[in-house]
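Dear colleague,

Please find the structure for your study below.

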Amino acid sequence: MTLKTFFHRLGSPPYFYQISRPWGRAFAWIGLLLILVGLYGGLWLAPPDYQQGNGFRIMYVHVPSAWMSLFVFMVIAVCSFIGLVWRMRLAYAVAAASAPLGAAFTAVALVTGSLWGKPMWGTYWVWDARLTSELILFFLYLGVITLNRSFEDQKTGDKAAAILALVGAIDVPIVHYSVDWWQTLHQGSSFKGLTSEIAPSMLWPLLVLMAGFMFYYGWLVLWRTRSELLLREADRDWAQQVIGS
Amino acid sequence: MTRRHQRLVMVLLMLACISAAVAFALRAFNGDLLYYLTPTQLAEGRAPAHGAFRLGGIVAPGSVHRKQGSMTVHFVLTDYHHAVPVVYTGILPDLFRVGQGIVVKGQLVNGVFLASQVLAKHSAKYMPPGIHQAQSSVPHRKMLALRRSLREDPGA
C-alpha cells in the first residue's frame, strides 16, 4: 500500500472507524504506562531543586500541559487546512474532537502555572507576554469549539471554525517565542536546541511525561473522533451498521 | 487551475496576509509588550516620565541592607551595565536573594526606585542542591554562569 492510497483509505470514515479502535487501545496503555513512570520519576526519584525545593515538581504537570496546549492547536490548524483545501471529512472531525481536549490542556497549564507563580514569583498572575498569549490561546480554543457548533449546517460550522483555527494558529509561535522576543516575568525556555538547562535526573521524568501526555491525547482524540464520525454520518449505511450491531 | 488549487491559493493568501498584519502590529507595539525595563533601558530614557513602571534586574552582591526594626529593605538592581538603587517596605518573595532576577514595580524619585511590589523571576535552570554548591565553590564559574544567564535572558 503506497502512502497516497493509505491517506485515501484513511480519509474514509468507515475505514478510520475500524482501525482507530486497536490504535486507540495501544495509545491508552502506552500513555498510562509513560504517565505512571514519569510521575514516579518526577515526584519520588527526582531531587529537589537548588532554589525552589520541592515546589518545582509542579513542572511535571505544567510543562506537558502547556506543550500539549500548543501541539493540539497545531493539530487543529493542520486539520483545518486539509479540511478547507481538500474537503476531507475526517480532518474536520479530528479538529472538532481535538478542540475541547486542547482547551482542557490549556486550562490545566494556566491553573498550575498560577499556583506555581504564587510561591515562586510572589503573584498568581501577571499580564506579561507569555501569560497573556497563553490566555488568548485558551479563548481561541473556546471560539473554535463554539463556532463549530453555532450553525445548523455542520459544514458551515466546520468551515467557520477552520478559518478561526488557521488565523488563531499565529498565536502558537507567539506563545512559544514570547519569552525570547519580550522581557517577561516567565523564565525563558529550559530547552536550547537539543540541550537542556534541567539536570538529567530531573529532566528524564519530564520527557517521559511529555511523551505520555502525547499518547494520552492520541487515545482521547481517536475515541472522540469515532463518536464525532458516528454523529456526523448517522444516516449513512456504515454508521447504521455500527449502531445496529 | 482546479477548484482545489484555487482553495489552496486562497487559504495560503489569507494566512500570509494575516501573518503580515500580526507581525506589523507586534512590531509597532514592541515597547509596550515588555513586562519590565532593564536598568540600561532606563538609562536610555525609555521609562515613562510620570507614573509607575516596572524595572527588572539582578540583585547586586553586597547591596542588600535592612533597616533595623522595620520591614524596609534597600538593594541595588543591576544588569552589569547600569545599576538602580531600590527601596521597598514589605514582605519579599522566598526566591529573593543576591544574584536573583527580580522585577519591581514603582516610581523613580531622585534616582531611587520606590517599589510598591517585588516579584522574583526564576531562571530556566533546574538542578539538585549539591551540584549548585559544587559550582558556587568556584566563584569565577558562578560569575560566568550569571553573565551567561544574563545574555540569554535580557534583563533577568
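The structure, which is a predicted model, holds 1 cavity of 30 Å³ or more. The largest cavity contains about 60 Å³ of space. Which helices contribute to its lining? In chain A, at least two lining residues each come from helix 3 (59-86), helix 4 (89-120), helix 5 (129-148) and helix 6 (154-168). Helix 6 of chain A provides the largest share, with 4 residues. Sorted by class, the lining comprises 8 nonpolar, 2 polar and 1 charged residues. Among the lining residues are A:Ile76, A:Tyr92, A:Asn148 and A:Asp158.

**Salt bridges**

Over all chains, a search of the whole structure finds 7 salt bridges. In one of them, A:Glu233 pairs with A:Arg89, and the closest N and O atoms are 2.7 Å apart. This pair links distant parts of the chain, 144 residues apart: A:Glu233 lies in the loop between helix 8 (200-232) and helix 9 (237-244) of chain A, whereas A:Arg89 belongs to helix 4 of chain A. Is A:Glu233 buried or exposed? With a relative accessible area of 4%, A:Glu233 is buried; A:Arg89, at 38%, is partly exposed. A:Glu233 also meets A:Arg236 in a salt bridge (3.7 Å, N to O). A:Arg236 counts as partly exposed because its relative accessibility is 41%.

A further salt bridge joins A:Arg232 and A:Glu228, with 2.9 Å between the closest N and O atoms. These two residues are 4 residues apart in helix 8 of chain A, so about one helical turn separates them. A:Arg232 is partly exposed, with a relative accessible area of 23%, while A:Glu228 counts as buried at 6%. Salt bridges with shared partners connect A:Arg149, A:Asp158, A:Glu228 and A:Arg232 into one network. A:Asp158 in this network is also one of the residues lining the largest cavity.

**The surface**

A nonpolar patch on the surface is formed by A:Leu33, A:Val37, A:Tyr40, A:Leu43, A:Trp44, A:Leu45 and A:Trp204, which together have about 760 Å² of accessible area. Helix 2 (residues 13-45) of chain A supplies the largest share of the patch, 6 residues. A:Leu33 is found in helix 2 of chain A and counts as exposed because its relative accessibility is 56%.

In chain B, B:Ala20 is located in helix 1 (residues 3-28) and is partly exposed, at 32% relative accessibility. From C-alpha to C-alpha, B:Ala20 and B:Gly56 are 31 Å apart in space, and 36 residues apart in sequence.

Yours sincerely

Key: Residues are numbered from 1 along each chain as its sequence is written. Chains are lettered from A and ligands numbered from 1 in the order in which they are written. This is a predicted model: local features need pLDDT of at least 70, side-chain atom pairs count only at pLDDT 80 or more; totals for chains, interfaces and linings use all residues. Side-chain values use heavy atoms; hydrogens and water are left out. On a 1 Å grid over the protein atoms alone, a cavity is a set of points where a 1.4 Å probe fits but cannot get out, and a pocket is an open set with protein on both sides within 12 Å along at least five of seven lines; lining residues have an atom within 4 Å of a point. Grid points are joined across faces, edges and corners, and a volume is the space filled by probe spheres set on the points. Ala, Val, Leu, Ile, Met, Phe, Trp, Tyr, Cys and Pro count as nonpolar, Asp, Glu, Lys and Arg as charged, and the others, Gly among them, as polar. Patches are made of residues with over 30% relative accessible area and no salt bridge: like charges are joined within 9 Å, nonpolar side chains (Val, Leu, Ile, Met, Phe, Trp, Tyr) within 5 Å. Accessible areas come from the Shrake-Rupley method with a 1.4 Å probe; for residues, only the protein chains shown count as cover. A salt bridge is a side-chain nitrogen of Lys or Arg within 4 Å of a carboxyl oxygen of Asp or Glu. Buried means under 20% relative accessible area, exposed over 50%, partly exposed in between (1.4 Å probe, protein chains only).
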